Amino acid sequence: MEKDLEKLAKNLYKEMFNEVLTIPVTFNNGFTVTLGRAYYKPVGNNTYKPTRLEIASNLTNNLEHLMFALKHELIHVYLYEKFSDNTHGKRFQNYAKKFGVYTINPHTGKESFTTLYASTLPKGGAINVRKA
């Protein structure tokens with residue numbers, strides 16, 4: 001299953017950014033609230049290098065949530081690599097809108113780039129995708 005996830009991530013990254021994904025992508029059994037996380041290391045003055053990407057293993061039962069989290073984290077990987085950007089700022093938000101990786105907060109009506117709001121989640125709640 002891990003090889004399938006990595007293959008999916010590599011194909012998706014190529015489709016999204018026309019770039020080759022060179023970091024490992026694995027499931028993480030320990031994520032309970034976070035759906036995914038892209039890791040990086042500082043390699044210079046405000047410069048970041050992506051090192052790995054992990055997706056919550058409990059997403060294997062929901063392809064829509066898996067794809068949402070994977071695209072979200074792939075945007076982070078791309079922004080680390082190309083712009084040394086590790087935020088959910090304007091650049092991230094522009095890519096998130098381009099790839100449909102945001103939701104609308106049902107309480108405020110505002111766009112959310114860090115929380116997946118979905119009626120299919122347990123108790124209709126929200127799950128954090130990643131906190132900056």
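## Helix H2 against helix H3

Helix H2 (residues 63-83) packs on helix H3 (residues 90-98) at an angle of about 135 degrees, and their axes are 10 Å apart. Helices (H or I, at least four residues) and strands (E, at least two) are DSSP runs, numbered from the N terminus. Axes are lines fitted to C-alpha atoms, for helices over the stretch in contact, and angles run from 0 to 180 degrees between N-to-C directions. H2 and H3 are therefore oblique to each other. Angles under 35 degrees count as roughly parallel, over 145 as roughly antiparallel, 65 to 115 as roughly perpendicular and the rest as oblique.

H2 passes H3 in a right-handed crossing. A crossing is right-handed if the near helix is turned clockwise from the far one by less than a right angle, and left-handed if anticlockwise. From H2, the contact (heavy atoms within 4.5 Å) uses His72, Ile75, His76, Tyr78, Leu79 and Phe83. H3 supplies Arg91, Phe92, Tyr95 and Ala96. By class, seven of these residues are nonpolar, two are polar and one is charged. Ala, Val, Leu, Ile, Met, Phe, Trp, Tyr, Cys and Pro count as nonpolar, Asp, Glu, Lys and Arg as charged, and the others, Gly among them, as polar.

## Basis of the model

This is a predicted model, where local features need pLDDT of at least 70, side-chain atom pairs count only at pLDDT 80 or more, and totals for chains, interfaces and linings use all residues. Residues are numbered from 1 along each chain as its sequence is written, and side-chain values use heavy atoms, with hydrogens and water left out.

## Helix H1 against helix H2

H1 and H2 pack at an angle of about 60 degrees, with axes 10 Å apart. That makes H1 oblique to H2. Their crossing is right-handed.

H1 brings Leu5, Leu8, Ala9, Leu12, Tyr13, Met16 and Phe17 to the contact. H2 answers with Leu66, Met67, Leu70, Lys71, Leu74, Ile75, Val77 and Tyr78. By class, the contact has 14 nonpolar, no polar and one charged residues.

## The sheet

Three strands form an open sheet in the order E1-E3-E2, with mixed pairing. Two strands pair if DSSP finds at least two bridges between them. Strand E1 (25-28) and strand E2 (36-44) are the edges, each pairing on one side only. From one strand to the next, the twist averages 35 degrees.

E2 and strand E3 (residues 47-56) run antiparallel, joined by eight bridges. Glycine 36 stands opposite isoleucine 55 in E3. Alanine 38 has leucine 53 as its bridge partner in E3, and tyrosine 39 stands opposite arginine 52. E2 and E3 form a hairpin with two residues between them. Asparagine 46, in the turn, has a positive phi of about 55 degrees. E1 pairs with E3 in the parallel sense over four bridges. There, threonine 26 has glutamate 54 of E3 as its bridge partner.

## Helices across the sheet

Helix H1 (residues 2-17) lies across E1 and E3, at about 130 degrees to E1. H2 lies across E1, E2 and E3, running at about 170 degrees to E3.

## Salt bridges

The count comes to four salt bridges (a side-chain nitrogen of Lys or Arg within 4 Å of a carboxyl oxygen of Asp or Glu). One of them joins the side chains of glutamate 19 and lysine 82, at 3.5 Å, N to O. Glutamate 19 lies in the loop between H1 and E1 and lysine 82 in helix H2, so the pair ties together parts 63 residues apart in sequence.
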